[in-house]
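Student: I want to learn how to read the arrangement of domains in a model. Where do we start?

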Amino acid sequence: MKMLEIKGGNPLSGTIRISGAKNSVVALIPAAILSSEEVTICNVPDITDTAALCEILEFLNVDVKRATESLVINPSKMEIKEIPSIYTKKLRASYYFMGAMLGKYKKVTMALPGGCSIGARPINLHLKGFEALGATVTNKDNIYTVEAKELKGANIYLDFASVGATINIMLAAVLAKGTTIIDNAAKEPEIVNVATLLNNMGAKIRGAGTSNIEITGVERLGKCFHEVIPDRIEAGTYVILGAAIGNNLKISNIIPEHIEALTSKLEEMGVFLDIGADYIIVSSGKDYKPVNVKTQTYPGFATDLQQPLTPLLTMCNGRSKIEETIYENRFMHIPYLNQMGADIRVKNQTSTIIGPTKLTGTDVVATDLRAGASLVIAGLMASGTTRITNVEHILRGYENIVEKLLGVGANLELKDI
Ligand code: EPU
């Protein structure tokens, strides 16, 4: 077990370079098994979610070579085996093996996925998509078997624009017979990144990034080289941190358009941002105005950034509101922020942050990945010492977070407990 000890109050300056996107790479790795040849993925973040997926590849006898920032995956000797829960429960994205193995072998058996406890997170839309392609789904003691004699293209309407279901259906449909249309598809940049990998492998996918994706099945997928896009949630987290305690803090290697919903909200608060082609420079300001935020699917305000934004809103003069519309249970950071001196009330799916308040360090728990990011920001803003336990959640999604923060002047240490 690890604990993060933060001595807050230092202004941060210098440059933080953003890594490859977690929510992209966690789909790209399972997608690679659809190829019959070697797939090279570069700009791969060194996070525990990546390691957990590589363990699944190795369990399936897929050859994986890790070099600096890149992964070379060769599935030519892959074995079809049931994937047990010791592997799948480590992360949500293990469910992408469902679509990928169904697509390639027409059969997959695996345990339920894990991931952050932030709501019910059913997978009914994924399964509905597989069934529409001709598969049958059985669930015995939480082990799913999805199989088909043949997968045939279909028109699939998603009741909700789910990121996971959109990607999983694409993975299952690329080698199916005929054309699949996903209507009301999710439009997140990670979906475009996955479609680009598949197209580089020889798939025929059009419309990724819009709500209507068309996949024409092909016979075979092959060798390719592909790059992971920058992590927009990591970028947003550090931009928020810069607005709180930055002194010309530069966040580099980003696609600013991917976090426009955040940057326009920050500008509404009165944060001055110097937005370049692939960077943002941000400093802490005074007299921030309160704002109202509602989380939405892309290009709306990302649910993954509402928790990191919350400590910044404690600096605003007045009442800010955050309405969470994607998950039922994404406010677990609030009691800890209140223990640190914030004045935040949660009713139904909305938190009201009453500011300005000063934060003071104390002992807190990272209940999930983005709750953890929120507490790191709060700890760096606070006076005194903050000790965060359950740091493992944070390490699932933020590459070298300690080194990156030390590099811009923060005072923190990861300790074994
Ligand atoms: N949903 C259903 N049925 C389904 C699928 C989803 O009801 O079959 C519901 C979920 O319960 C949830 C909503 O739809 O309430 C959104 O789910 P979605 O499928 O879009 O999310 P996901 O694929 O499970 C990914 C990211 C999340 C991110 C969301 C939304 C990965 C591995 N995870 O989750 O990332 O919050 O999209 O953008 O890509 C994180 O990084 O901290 C994180 C939780």
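Tutor: Start with the distance between domain centres. This is a predicted model. The C-alpha centres of domain 1 and domain 2 lie 30 Å apart.

Student: Which residues belong to each domain?

Tutor: Domain 1 takes 2-19 + 230-416, and domain 2 takes 22-227.

Student: How many residues of each domain are in contact with the other?

Tutor: Count from both sides. Domain 1 brings 22 residues, and these are in contact with 23 residues of domain 2.

Student: What area is buried between domain 1 and domain 2?

Tutor: Read the area together with its atom make-up. About 2000 Å² is buried between the two domains. Carbon and sulfur atoms give 52% of that area. Then look for the leading contributors. On the domain 1 side, Tyr298, Arg396 and Glu399 supply 33% of the area buried against domain 2, more than any other three residues.

Student: How many salt bridges and polar contacts are there between domain 1 and domain 2?

Tutor: Two salt bridges are counted between the domains. Eight residue pairs are in polar contact. By class, the side of domain 1 that touches domain 2 has nine charged, eight nonpolar and five polar residues.

Student: Which side chain meets Arg232 in a salt bridge?

Tutor: That of Glu190, at 2.8 Å, N to O.

Student: Now the whole chain. How many helices and strands are there?

Tutor: The chain has 14 helices and 23 strands. Along its principal axes, the C-alpha trace spans about 60 × 45 × 40 Å.

Conventions. Residues numbered from 1 in each chain as written. Predicted model: local features only at pLDDT ≥ 70, side-chain atom pairs only at ≥ 80, totals over all residues. Heavy atoms only, no water. Domains from an automatic or database assignment. Contact = heavy atoms within 4.5 Å. Buried area = accessible area lost by both parts, 1.4 Å probe. Salt bridge = Lys/Arg side-chain N within 4 Å of Asp/Glu carboxyl O. Polar contact = N/O pair within 3.5 Å; in protein donor to acceptor, adjacent residues only side chain to side chain. Nonpolar A, V, L, I, M, F, W, Y, C, P; charged D, E, K, R; others polar. Helix = DSSP H or I, 4+ residues; strand = E, 2+ residues; numbered from the N terminus.
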